[in-house]
Amino acid sequence: MAKKHISFTLNRQNIDVLVEPRELLIHVIREQLQKTGSHIGCETSHCGACTLDLNGQSVKACTVLAVQAEGGEVLTVEGLLQNDKLHPLQEAFMQEHGLQCGFCTPGMLMRAYRFLQENPQPTEAEIRSGMAGNLCRCTGYQNIIKAVQTAAKNMASA
Amino acid sequence: MASTPEDKQRKENLAGIGCARKRKEDPRFIQGKGHYVDDIKLPDMVYGALVRSPYAHARIKGINKDAALALPGVLTVLTADDLKPLKLHWMPTLAGDVQAVLADEKVCFQQQEVAMVIATDRYIAADAVELVEVDYEELPALVDPHQAMVDDAPVIREDLVGKDEAGQGKRIHDNHIFSWEVGDKSKTDATFKKAAVTVKEEMLNQRVHPCPLETCGCVASFDKVNGHLTVHITSQAPHIVRTVVSMLSGIAESKVRIISPDIGGGFGNKVGIYPGYVVAIVASIVLGQPVKWIESRIENLSSTAFARDYHMVGELAADKNGLIQAMRVNVLADHGAFNSHAQPTKWPAGLFSICTGSYDIPVAYARVDGVYTNKAPGGVAYRCSFRVTEAVYVIERMIDVLAKKLAIDPAEIRRRNFIKADQFPYQSALGWSYDSGNYPAALDKVLEAVDYEGLRKEQAEKRARGELMGIGLSTFTEIVGAGPSKACDVLGVGMFESCEIRVHPTGSVIARIGTISQGQGHQTTYAQIIASELGIPSDQIQIEEGDTDTVPYGLGTYGSRSTPVGGAAAATAARKIRDKARKIAAHLLDVSEQDLEWDIDRFRVEGAPDQVKTMKDIAWAAYNNVPDGLEMGLESVNYYDPPNFTFPFGAYLCVVDIDKYTGETKVRRFYALDDCGTRINPMIIEGQIHGGLTEAFAVAMEQQLVFDESGSIHGNSLMDYFLPTFVETPVWETDYTVTPSPHHPLGAKGVAESPHVGGIPCFSNAVNDAFSHLDIKHINMPHSAFRVWKTIHAQGLDKRT
Ligand code: FES
Ligand code: FES
C-alpha cells in the first residue's frame with residue numbers, strides 16, 4: 001500500500017513518519033516511534049488502554065488513523081514528565097495506590113490529565129462518569145478515584 | 001526488651017512487615033516505562049497471526065496456502081501438517097490430556113487454531129490470515145454438557161475413541177473425561193435418609209473468562225548459531241513453560257530461557273501453555289528469526305482459558321435447628337474440547353473438596369464428572385485457587401437455601417454451624433486440615449459494623465411497601481498456597497517455591513524468587529519480608545522474578561501461592577542468612593553464638609548492650625573476615641515445600657436495592673472483612689481486595705460466555721463481555737482480623753483471591769435474598785438486569801397499581 005508522509009508533534013517534539021493510510025495511530029506510536037507507554041487492550045475502543053491526548057482531546061488511539069494526526073499535537077504518558085518533574089497525577093497515583101499491574105495506567109493518566117482540565121474540581125460521581133471509558137481489571141477503581149481527587153487538590157493549591 | 005523510641009525508629013527504617021510501603025514498581029508504570037511483552041521489538045522480528053476456525057465442530061478437508069504465500073511480506077504459513085514431522089502438532093496438557101497445537105484433520109471449537117501466518121508486519125500477517133483458504137465440512141456440535149454422554153452424542157475426540165483413560169482416570173463414554181469423588185458416600189447417603197430436613201438445588205457457575213487487560217502473547221527468539229531459545233511470554237509460571245518447551249522441542253532445558261516481563265494482569269488466564277506460544281516458538285526455530293505473537297481481545301476471550309462452567313447439584317441434610325449433618329454435591333464439569341484445565345496434575349477437580357466451607361459438617365461426599373464439549377478448552381482458576389470459587393459458591397448458597405427452608409436468619413444459621421475457634425487445627429469431612437480460624441469473631445464484627453438488625457428491619461419495612469432489598473452474607477474459607485509437594489505437582493514437578501538471596505559486601509541485597517508478579521506488587525512486599533528478617537532496609541533490597549536464567553526454579557504465581565509459599569521461601573532463605581550472620585557476629589565480637597541476641601537489625605551481646613554488630617557490619621565481614629571453617633560470602637537458597645495449605649477466611653456482607661421495573665441491582669453497601677493471617681503490606685492488601693471484589697461483582701452480575709446451539713460464541717469482545725467500569729463498580733469497605741497461620745514462617749495466608757471467591761456468593765446471596773420472602777429458592781448467576789427483571793416479572797412484582 002502506498003505510504004503517506006505525515007508530521008505532527010509527539011510530546012512537544014516534531015515528528016515525521018511514513019505510514020500506510022490504514023495504519024492506526026496507536027501502532028505508529030508504539031512500533032515506529034517506540035513510545036510503548038500507551039497500551040493495547042482491545043483495539044475496539046472499549047478499554048481505554050490506548051488513551052492519549054490529540055489536539056486537546058482524549059482519544060482512543062486504537063481507533064484513530066495515524067493520518068488523522070497530521071499537523072496535530074499528540075501527548076502520551078511519556079510526555080507528562082516535564083523538566084524531570086512528575087505530573088501531580090503521576091505522584092497521586094503512586095501515593096494512593098492507584099495502580100497494580102500498570103497496564104491501564106498510562107491510559108488512565110492521560111484521561112485524567114484531560115478530564116481535570118475539563119473539570120478541575122470534580123466530585124466522585126463526576127470522576128466516575130468522566131473516566132468511564134477507561135477500564136481497569138486490577139484496582140476496582142476506588143484508589144484511582146482517590147488519586148484523581150488528590151491530584152486535583154494538589155493542582156489547585158499549586 | 002523495652003522498646004525505646006530509638007528502637008522504633010530503627011524498625012521503621014526497615015519498612016518491613018506491616019508497613020504500608022509505597023510500591024517500588026510504580027515509578028516505571030506511571031511513566032510509561034513498563035516492559036510488557038508487546039513492547040518488545042527485536043532486530044529482524046516478524047509477526048505471527050492465527051487462522052482460526054469459524055465452526056465449532058468440522059472436518060478439515062484441505063488447506064490452501066497459495067494466496068497467502070503469494071502476498072509480499074509473508075514468510076511462511078504453518079499448519080498441522082508442517083508440525084507433524086516435528087511431532088509438535090499435538091501437545092500434552094497440564095491435566096494429562098493432549099491438545100491440538102494446530103487443528104489436525106478436524107476442529108473441535110470455534111476459533112480453534114488452524115494455521116499460523118508469519119509475515120514481516122502485523123498488518124500483512126492479518127491480511128494473509130484472510131487469504132488462507134480452509135475447506136471445512138461442518139459436523140453437528142455438542143454444546144450442552146448435559147447432552148455430552150447421551151448415546152448418540154457426536155464424538156468430539158476421535159483421537160481418544162477406544163481409550164478408557166485420558167489422563168485422569170476411567171472414562172465411561174467417548175465424551176467423558178474423568179470421574180472424581182471424595183468423601184464417604186454410603187455414610188452421607190444414610191445421613192440424608194434419616195435427616196429431619198434436606199434441601200437440594202441445581203446451581204451453575206457459568207462459563208466466564210478472567211480477561212486481564214493485557215492479552216496473552218510472546219516473542220520467541222531462536223538463535224540458530226548457538227541453539228539457544230529465548231521466549232518473552234505472558235506467563236504466570238515461566239519455569240513450567242521452560243520445562244514443557246524443553247520437553248516438546250528437545251532443546252536442552254539449559255538452552256531455553258523463559259522471561260516473563262511485566263504482566264498486565266493474569267487472574268489465571270496466563271497459567272496455561274497455549275497453541276499460539278508453541279507455534280510462534282516453532283516458527284522462530286524454523287526461520288531463525290524472532291517471532292512475535294500477540295492475541296487480540298476476541299481471540300483471548302474465545303480461545304485462551306475460560307473459567308468455571310460447573311453445573312452443580314448441592315444438597316444439605318440438617319436437623320430442625322439447622323445444624324448441618326451432611327453435604328452432598330454432584331458436579332458436571334464442562335471442560336471444552338481438550339482437558340487442559342490448569343490445576344495440579346493429579347487433581348481433576350482442583351481443591352473442590354473445600355466445599356464444606358466454614359462449617360462443621362460431619363459427613364460429606366462430592367463427585368465431579370468432566371466432559372468434552374465443542375467449546376474452548378481451559379478451566380483456569382479465575383482469581384482463585386483451583387475450583388475453590390465453585391466450592392465456596394455451592395456451600396454459601398446452600399446454607400442460605402437451608403436457612404430459608406427453616407426460617408432461620410442467614411447469620412444465625414452460619415453461627416450455629418461454624419467450626420469453633422477451639423476446633424483448630426480442624427479436620428474436615430473431605431480430608432483437609434484447616435490451619436487456623438476464628439469465624440464467629442469475623443462475622444460478629446461485620447454484623448455490628450453494618451447494624452445488621454437495623455438492615456433487616458429496613459428490609460421488612462421495604463417489603464411491606466413492595467420494594468426489593470436484599471442482604472447477602474458470605475462467611476467463606478479459602479484454601480490456597482499449593483502446596484505440599486507430596487500432594488500437588490505440575491507434570492511431576494512438586495509445587496514448592498524458591499528464593500535465593502545474596503547480601504552484597506556493602507549491605508544491599510538482591511533476592512530472586514520463583515513466583516511472578518502480575519500486579520500484586522511482589523517487588524515491594526518480598527523486600528519487606530526480607531527487610532524484617534535481615535534487618536536491612538527494604539529500599540536496599542532488589543527483587544527479581546520471571547527470568548528462568550537467573551531465578552531458581554519456581555512454580556509461579558496463581559492460587560494465591562506467592563505469600564504462602566514464595567513468602568515463606570523468602571523468610572526461610574533470609575533466616576539461613578541470619579544464622580550464618582550470627583556465626584560471623586560471634587566471631588567478630590569474640591563471644592559464643594548463644595551469647596548473642598537478635599535486635600531488629602543487629603546482633604548484640606546479651607547483658608552488654610553496647611557490644612553490637614549490625615547486619616551491615618556483618619555483610620562486610622562476610623567477604624573478608626569469617627570464622628575458620630565457614631565459607632566466605634553471604635547468600636542462601638531455599639526451596640520451600642509447605643507442610644500444608646493455608647486457609648484464609650472472611651465475612652462479607654452486601655446490601656442491594658433492586659428496581660422492580662427495570663431489574664437493575666444497585667449495590668448500596670459492601671463490607672468485606674478478611675483474615676489473611678499476618679499482614680505484610682496493608683495498602684497492597686486493601687488494593688487486592690478492591691480488585692478482587694470488583695471481579696467478583698463482574699462474575700456475579702453480568703459475566704458469561706454464551707454459545708448458541710451451533711457452538712458459536714456470542715459476546716467475545718468487550719462490546720458484550722462485561723467488565724465493570726467506574727460507573728457500575730460499587731464502593732468497597734474493608735476490615736480485617738488477624739489469625740496467623742501456625743505453620744507459615746510468618747503466619748501469613750495469602751489474600752488476593754479471597755475477595756473474588758467470597759465476593760461472588762455474597763452478591764448472589766444478596767440478590768437471592770431480595771426474593772427470599774417469595775417462593776423462589778435459587779436464582780442462578782449472572783444477575784444481570786434482564787435476568788433479574790424476568791424473575792420479577794414472572795412473580796408479577798412489576799405490576800403498576
Ligand atoms: S486498545 Fe484502544 S480502547 Fe482498548
Ligand atoms: S492496574 Fe491492572 S488494569 Fe489497571
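How much area is buried between chain B and chain A? In this predicted model, the figure is about 4,400 Å², with carbon and sulfur atoms giving 56% of that. On the chain B side, the residues that lose the most area to chain A are B:Ile30, B:Leu213 and B:Phe726, and together they make up 22% of what that side buries. In terms of contacts, 52 residues of chain B touch 52 residues of chain A.

Next, the polar part of this interface. There are five salt bridges between chain B and chain A. One of the five is formed by the side chains of B:Asp127 and A:Arg22, at 2.8 Å from N to O. Polar contacts between the two chains come to 23 residue pairs, with both residues at pLDDT 80 or more.

Which elements of chain B give two or more residues to the side that touches chain A? They are helix 2 (26-30), helix 5 (122-131) and helix 17 (682-701). Helix 17 of chain B has the largest share, eight residues. By class, the chain B side consists of 25 nonpolar, 15 polar and twelve charged residues.

Now to the second interface, inside chain A. Chain A is divided into domain 1, residues 4-79, and domain 2, residues 88-157. Their centres, taken over C-alpha atoms, are 21 Å apart. Contact involves 18 residues of domain 1 and 13 residues of domain 2.

The two domains of chain A bury about 1,200 Å² between them, and 58% of this is on carbon and sulfur atoms. On the domain 1 side, A:His39, A:Thr51 and A:Val77 supply 35% of the area buried against domain 2, more than any other three residues.

How many salt bridges are there between domain 1 and domain 2 of chain A? The rule finds one. A:Asp53 and A:Arg114 form a salt bridge, with the closest N and O atoms 2.7 Å apart.

The elements giving two or more residues to the domain 1 side are strand 3 (51-54) and strand 4 (57-60) of chain A. That side has six nonpolar, ten polar and two charged residues.

To recap the areas: about 4,400 Å² between chain B and chain A, and about 1,200 Å² between the two domains of chain A. That is the end of the talk.

Key:
Residues numbered from 1 in each chain as written. Chains lettered and ligands numbered in written order. Predicted model: local features only at pLDDT ≥ 70, side-chain atom pairs only at ≥ 80, totals over all residues. Heavy atoms only, no water. Contact = heavy atoms within 4.5 Å. Buried area = accessible area lost by both parts, 1.4 Å probe. Salt bridge = Lys/Arg side-chain N within 4 Å of Asp/Glu carboxyl O. Polar contact = N/O pair within 3.5 Å; in protein donor to acceptor, adjacent residues only side chain to side chain. Helix = DSSP H or I, 4+ residues; strand = E, 2+ residues; numbered from the N terminus. Nonpolar A, V, L, I, M, F, W, Y, C, P; charged D, E, K, R; others polar. Domains from an automatic or database assignment.
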